[in-house]
Amino acid sequence: MKASQIIFHEEKKLDSDRVGVIHLFVDIYRRQCGLEPGAPAEVAIVDGDINGGEHIYELRVRKDNRWESRRMSVSAIGEESGTRSGNGKTKGSKSKCYKVTYDNLLVVKIPPSPITDFDQYVESIDAEGRIARRLSPSIEFVAPCVTAVLRKFHPLPDAGELSPAETERRYVELLRSRPLLQDMLKIDGGFVFVMDLSRHAFLSQVIEGMHDPAVYRRKTSEEILKSHNLLWDILEFENKYGSENLSVSFALNKIYAEYDARLARLLKHHGMSTAVPSYQRQDWFLRHLSGRERVKEDADAPAEFVGELNAMLADLMAANAGDVGAYHEAVLKYVYGVSFTQNKIQMSGLIYNMINLLALLRRQKIAIRDLKPDNLFVVADANRYPLFLSSPEESSLGLIDFET
């Protein structure tokens, strides 16, 4: 598959391995649409971040004089390993892995040394399959398979009646009889390994979900928005955020007093009733104090007034950024504490499952040199997430990505 077959906006800003993964799935999409590998295609980056984190792309292919489109996401798993050569490829002892969401969750592993011989490729897959069988049934292990890719565009007529092992065998035979299809498993001429994690979540994802800064920012804003009486109740403020933050409470009261005076003048200027209920005045103030919301227009607040109110509040928060920031820090610390208590049972469940996994590996005399959250997944009923984390007996940890 040649890069020239695809118009890739901002391609030069991406590492070459990630580009190769995206090109691979563009060709899968072409086949799903009944098109030839060289059919016109485009890729556009949907969000702003280029290489960091999980990134969303829009794939477009030209069919019957119109563009068909769909989205996929790609993110690197683990740290970058090895060094870059002149062509941008990674050179080192470890494979490069990407998490791909395309219809379902997949892991694409690019070997450090390209595998170009099909028999060697199949033997590598079989080797990991043998590890999976040795671990079964006490430890679940997701091994690479050609089925994960081939079934997306070439379903077998009796697929529903076949076991996973027989399905894989049939697809391997298909690839032997039709060598051109082998390109659907290659990046830059070398075979890649694809693993299907549609039924599982990475341990790293679960852990990140417990410590996601965006979640804590949202909880902090929600905590501020619901604190209608807290800012004016010194004892409750001290009880919740600590005596060390009492000076913050006094500062916020001064800021609010200034806001109340300026609001009265603003209401008078617009010929509006100055008898606005105290809860409404507080709500307007807290919206800006939370750092997330602006006052919205409604039937009782004309657009011009709302615009000036938002500008006044924004100016007030900026002029008192130090005290506002200190309040945010106090609330964030409180939110962290509450969340830690709430997550403690889930953390204990994961620790139990980790110790149990290590004990099972020791019992089976298996040593793993690269055991880390990116190589582990949670085995559980996805419909009960995150409840199953609180009950270790409802979940376990499985393994993925051995360097065989």
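**View 1. Y256 and F285, two buried aromatic residues.** Both Y256 and F285 are buried, a word used here for under 20% relative accessible area, with exposed meaning over 50% and partly exposed in between (1.4 Å probe, protein chains only). Please keep in mind that this is a predicted model, in which local features need pLDDT of at least 70 and side-chain atom pairs count only at pLDDT 80 or more, while totals for chains, interfaces and linings use all residues. Residues are numbered from 1 along each chain as its sequence is written, and side-chain values use heavy atoms, with hydrogens and water left out. A search of the whole structure finds 14 aromatic pairs; rings of Phe, Tyr and Trp (its six-membered ring) pair if their centres lie within 6.5 Å, and planes under 30 degrees apart count as stacked, over 60 as edge-to-face and the rest as tilted. The ring centres of Y256 and F285 are 5.0 Å apart and the planes stand at 85 degrees, so this pair is edge-to-face. Because Y256 lies in helix α8 and F285 in helix α9, the pair ties together parts that are 29 residues apart in sequence. Helices (H or I, at least four residues) and strands (E, at least two) are DSSP runs, numbered from the N terminus.

View 2. Helix α9 is mostly covered, with 9 of its 12 residues buried; among them are R281, W284 and L289. The cover over these buried residues includes α6 (213-225), α8 (246-269), α10 (303-319) and α11 (321-363). The end C-alpha atoms of α9 are 16 Å apart, which agrees with the 16 Å that its 12 residues should span at 1.5 Å a residue; the expected span is 1.5 Å times one less than the number of residues. After α9 comes G291, which has a positive phi, near 80 degrees.

**View 3. Q282 within α9.** Q282 is found in helix α9 (residues 278-289) and counts as buried, at 13% relative accessibility. Apart from neighbours within four places in sequence, Q282 is in contact with H228, N229, W232 and Y256, where contact means heavy atoms within 4.5 Å.

**View 4. An open sheet of 7 strands.** The strands follow the order β1-β2-β3-β4-β7-β8-β12, and the pairing is mixed. At the edges stand β1 (6-8) and β12 (193-196), each with a single partner strand, so one side of each is left without a neighbour in the sheet. On average, neighbouring strands of this sheet are turned by 25 degrees against each other, direction ignored; the axes are lines fitted to C-alpha atoms, for helices over the stretch in contact, and angles run from 0 to 180 degrees between N-to-C directions. Two strands pair if DSSP finds at least two bridges between them.

**View 5. Strand β2 and its two partners.** Strand β2 (residues 41-45) runs parallel to β1, joined by 3 bridges, and I7 stands opposite E42. With strand β3 (residues 55-63), β2 pairs in the antiparallel sense over 5 bridges; here E42 stands opposite R60.

View 6. Strand β15 (residues 396-400) has 4 of its 5 residues buried, so it is largely enclosed by the rest of the structure. Strand β9 (residues 141-142) pairs with β15 in the parallel sense over 2 bridges, with F141 opposite L399. Strand β14 (residues 376-379) runs antiparallel to β15, and 4 bridges join them; the bridge partner of F377 in β15 is G398.

View 7. A nonpolar core is a set of buried Ala, Val, Leu, Ile, Met, Phe, Trp, Tyr and Cys residues joined through side-chain atoms within 4.5 Å. The largest has 53 residues, of which F25 and L150 touch the most other members. Helix α1 (residues 16-32) gives the most to this core, with 8 residues. Leaving out residues up to four places away in sequence, L150 touches P155, Y171, L174, L175, L181 and L185. A second, separate core of 34 residues includes I224, L231, V276 and M312. Also worth a look is the aromatic cluster formed by F118, Y121, F191 and F193.
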